[in-house]
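Please look through the structure below before reading my notes, which are arranged as numbered points. I begin with a question and then go on to the salt bridges, the surface and the confidence.

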Amino acid sequence: MKKILLTLIILISLTACESKKSNSTEKNVAESETIASDSETELTELEKEEKLRTEINGQYLAELSKCSQNVNAVTDFNGKTEFWRICDTDNGKRIIQIDSHEETVLYEEVYYEQNGELIYAEESIKYMPINHFTLQPWTCQFYAENGKLVSLMSLGHGKTEDDEWNPEIIFEMHKNRIAELNKIENE
C-alpha cells in the first residue's frame with residue numbers, strides 16, 4: 001500500500017512539473033513570437049529607410065547626369081575660396097555642389113532639393129595635402145523627407161564619431177548655403 005501511495009504521489013508531482021514546463025514553454029513560445037513580430041516591424045522600418053535611400057540615390061544620380069560640371073560661381077564668404085556648381089532642372093529639382101580646399105583638407109558639400117525642400121545632402125571632409133592623393137576620408141549622406149532627417153550613412157573617420165555631433169545640423173548648413181546663394185545672385 002505504501003508503494004502504491006508513494007507511486008501516486010510521484011506521478012502527481014511529475015504531472016504538476018510537466019504542466020508547469022508546458023505552461024513555461026507556451027509562455028516562451030508566445031514571448032518569442034512577440035519578439036519576432038517586433039523584429040519584423042523593425043525590419044519593415046529598415047526596409048522603408050533602404051527603399052527611400054535607393055529612390056533618392058537613383059533620382060539624384062539621374063539628375064546629376066543631366067548637369068554640367070562647370071563651376072558656376074566662386075565665393076569667399078567663409079574665409080576660403082569655394083567653388084559652386086548649381087544645376088536647376090525644369091522639374092523643380094536643384095543640385096548645389098560646393099568644393100573648397102584649405103591647408104590639407106578638401107571639403108565637399110552636396111545639396112539636392114525637390115521643390116525647394118532638401119531631400120538629400122552629402123558632406124565630405126578628406127585629408128588631402130597638396131601633391132597627394134586622399135589619405136583619410138570622411139563622408140556622410142543625409143536623407144530627408146518632409147523636412148525631417150530620415151536616415152544617414154557615414155563612412156570613414158570624422159564628425160559622426162563625436163558624441164556631441166548633431167546630424168540635424170545639415171538643415172542649418174543648407175539654410176546658410178541658400179542664403180549665400182541668394183547673395184551670389186544679388187551681387
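1. With which residue does Glu123 form a salt bridge? The partner is Lys159, and the closest N and O atoms of the two are 2.5 Å apart, where a salt bridge is a side-chain nitrogen of Lys or Arg within 4 Å of a carboxyl oxygen of Asp or Glu. This pair links distant parts of the chain, since Glu123 is in strand S5 (residues 117–127) and Lys159 is in the loop between strand S7 (148–156) and helix H2 (169–186), 36 residues apart. Helices (H or I, at least four residues) and strands (E, at least two) are DSSP runs, numbered from the N terminus.

2. Please keep in mind that this is a predicted model, in which local features need pLDDT of at least 70, side-chain atom pairs count only at pLDDT 80 or more, and totals for chains, interfaces and linings use all residues. Residues are numbered from 1 along each chain as its sequence is written, and side-chain values use heavy atoms, with hydrogens and water left out.

3. Glu123 counts as buried, with 6% relative accessibility, whereas Lys159 is partly exposed at 29%; buried means under 20% relative accessible area, exposed over 50%, and partly exposed in between (1.4 Å probe, protein chains only).

4. A second salt bridge joins the side chains of Arg94 and Glu113, at 2.6 Å from N to O. Because Arg94 lies in strand S3 (residues 93–102) and Glu113 in strand S4 (residues 105–114), the pair ties together parts that are 19 residues apart in sequence. Arg94 is buried at 19% relative accessible area, and Glu113 is buried at 2%.

5. Within helix H1, Lys48 and Glu45 lie 3 residues apart, about one turn of the helix, and they form a salt bridge whose closest N and O atoms are 3.5 Å apart. Lys48 is partly exposed at 49%, as is Glu45 at 45%.

6. By the rule given above, the count comes to 13 salt bridges. Glu82, Glu109, Arg177 and Glu180 are linked in a network of salt bridges.

7. On confidence, the chain averages a pLDDT of 80, and 76% of the residues score at least 70, pLDDT being the predictor's confidence in each residue, from 0 to 100. Residues 1–29 deserve a careful reading: pLDDT stays under 50 there, and the model has 0 contacts beyond four places in sequence for them, a contact meaning heavy atoms within 4.5 Å.
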